[in-house]
Amino acid sequence: MGVRGATALEAMIFLSKFFHLLTPAKPGLPIDCPVFISAQCCIVLFIGLFFTRFWLVSVLYATWWLLDWDTPSKGGRRIHCIRNNVIWRHMRNYFPVTLVKTAELDPSKNYVVGFHPHGVLVAGAFLNFCTEATGFSQLFPGLTPHMMMLTLWFRVPFFRDYLLSGGLVPSDKDSASYVLRRWGGGNMLVIAVGGAQEALDARPGAFTLLLKNRKGFVRLAMEHGAPLVPVFSFGENELFDQVDNPKGSWLRRTQHRLQQIMGISLPLFHARGVFQYSFGLLPYRRPIFTVVGKPIKVEKKHNPSQEEVDRLHQTYIEELCKLFEAHKTKYNAQSDTWPNCSQALGTYQLY
């Protein structure tokens with residue numbers, strides 16, 4: 001590589017890291033290592049084009065980016081041909097992933113959907129709500145899902161457009177309120193409540209949910225009078241093994257520290273390879289059943305008290321436990337090891 005090429009490469013790497021430092025992240029929001037790598041690649045591509053004869057592509061895109069800046073916070077811009085792409089059906093069949101409907105959802109209303117557990121990849125949430133691989137539109141006609149994702153990623157060139165095409169929106173209050181205020185209903189705001197921190201406890205056989213002190217989504221639902229819908233994705237935690245990181249260990253402390261600094265959850269996961277099954281970074285081929293529960297009626301209150309939020313939050317936990325209890329045997333081969341509702345607060349470790 002010549003001096004000019006080396007200098008350009010060094011500039012690309014430096015600027016991509018500098019760009020990342022300028023975009024603050026909030027710890028505890030859903031964010032994954034594969035997403036981080038993809039976003040960094042997009043940043044390097046955007047900057048790298050300036051050092052080639054295709055520099056005009058980045059200039060034109062930057063102009064478009066500025067004009068389109070507010071689109072993510074105004075409901076996004078889904079592209080149906082991408083949501084219906086055949087690659088998502090292959091991804092669905094790999095595990096496989098199934099979306100299970102247990103109750104009718106009125107398309108004239110807007111809903112706040114709590115997705116549990118986060119897992120390492122949030123594979124169930126992505127395939128079910130960001131693509132049409134599992135037939136969401138056929139199961140829930142008249143409803144449009146909007147999954148929330150860390151606001152940081154909508155500041156990444158090229159990558160933001162990919163996220164918008166799947167119907168994702170930034171995980172901030174203004175974006176959420178825009179979706180829930182839409183007249184005529186028909187919108188589902190999907191939130192992985194446990195976020196990135198919950199991913200640190202994602203491993204086969206684990207049922208640890210970060211939920212006890214997560215009440216912002218409940219308050220949001222009350223402020224807009226949007227029914228709450230609990231969703232439990234059976235098998236979400238079965239896709240990867242994870243290096244043992246019990247609370248209090250040096251590894252867990254390091255992971256929490258890195259999350260506070262960068263906003264990134266860094267579970268040390270592993271599963272299978274392409275041609276062998278003993279070790280690798282590909283997820284195991286284990287079925288995922290994403291069960292959508294019945295809606296919980298929510299009374300609209302512009303400024304709900306903490307006591308009102310706590311009561312509704314407790315109701316939500318109870319309904320989530322009922323959903324889990326009703327389907328745990330059907331969707332898990334080792335059902336005798338799963339907890340029951342009376343043990344939920346202890347076994348689920350809702351903290």
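**Exercise 1.** Is Tyr 331 buried or exposed, and at what relative accessibility?

*Solution.* The model is predicted, with local features requiring pLDDT of at least 70 and side-chain atom pairs pLDDT 80 or more, whereas totals for chains, interfaces and linings use all residues. Residues are numbered from 1 along each chain as its sequence is written, and side-chain values use heavy atoms, without hydrogens and water. Buried means under 20% relative accessible area, exposed over 50%, and partly exposed in between, with a 1.4 Å probe and protein chains only. Tyr 331 has 13% relative accessibility and therefore counts as buried.

**Exercise 2.** Classify the ring pairs that Tyr 331 forms with Phe 234 and with Phe 289.

*Solution.* Rings of Phe, Tyr and Trp (its six-membered ring) pair if their centres lie within 6.5 Å; planes under 30 degrees apart are stacked, over 60 edge-to-face, and the rest tilted. By this rule there are 21 aromatic pairs. For Phe 234 and Tyr 331 the centres are 5.8 Å apart and the planes 45° apart, a tilted pair. This pair links distant parts of the chain, with Phe 234 in strand 6 and Tyr 331 in the loop between helix 13 and helix 14 (344-347), 97 residues apart; helices (H or I, at least four residues) and strands (E, at least two) are DSSP runs, numbered from the N terminus. Phe 234, at 1% relative accessibility, counts as buried. Turning to Phe 289 and Tyr 331, the centres are 4.5 Å apart and the planes at 25°, so this pair is stacked. Because Phe 289 lies in strand 9 (residues 288-292) and Tyr 331 in the loop between helix 13 and helix 14, the pair ties together parts 42 residues apart in sequence. Phe 289 is partly exposed, at 21% relative accessibility.

**Exercise 3.** How many residues of helix 11 are buried, and what covers them?

*Solution.* Helix 11 (residues 216-224) has 7 of its 9 residues buried, among them Phe 217, Leu 220 and Met 222. Their cover, where contact means heavy atoms within 4.5 Å, includes strand 2, helix 9 (173-180), strand 5, strand 6 and helix 13 (306-327). After helix 11 comes Gly 225, with a positive phi near 65°.

**Exercise 4.** Which residues touch the most other members of the largest nonpolar core?

*Solution.* A nonpolar core is a set of buried Ala, Val, Leu, Ile, Met, Phe, Trp, Tyr and Cys residues joined through side-chain atoms within 4.5 Å. The largest core has 36 residues, and Trp 153, Phe 159 and Met 188 touch the most other members. Helix 2 supplies the largest share of this core, 6 residues.
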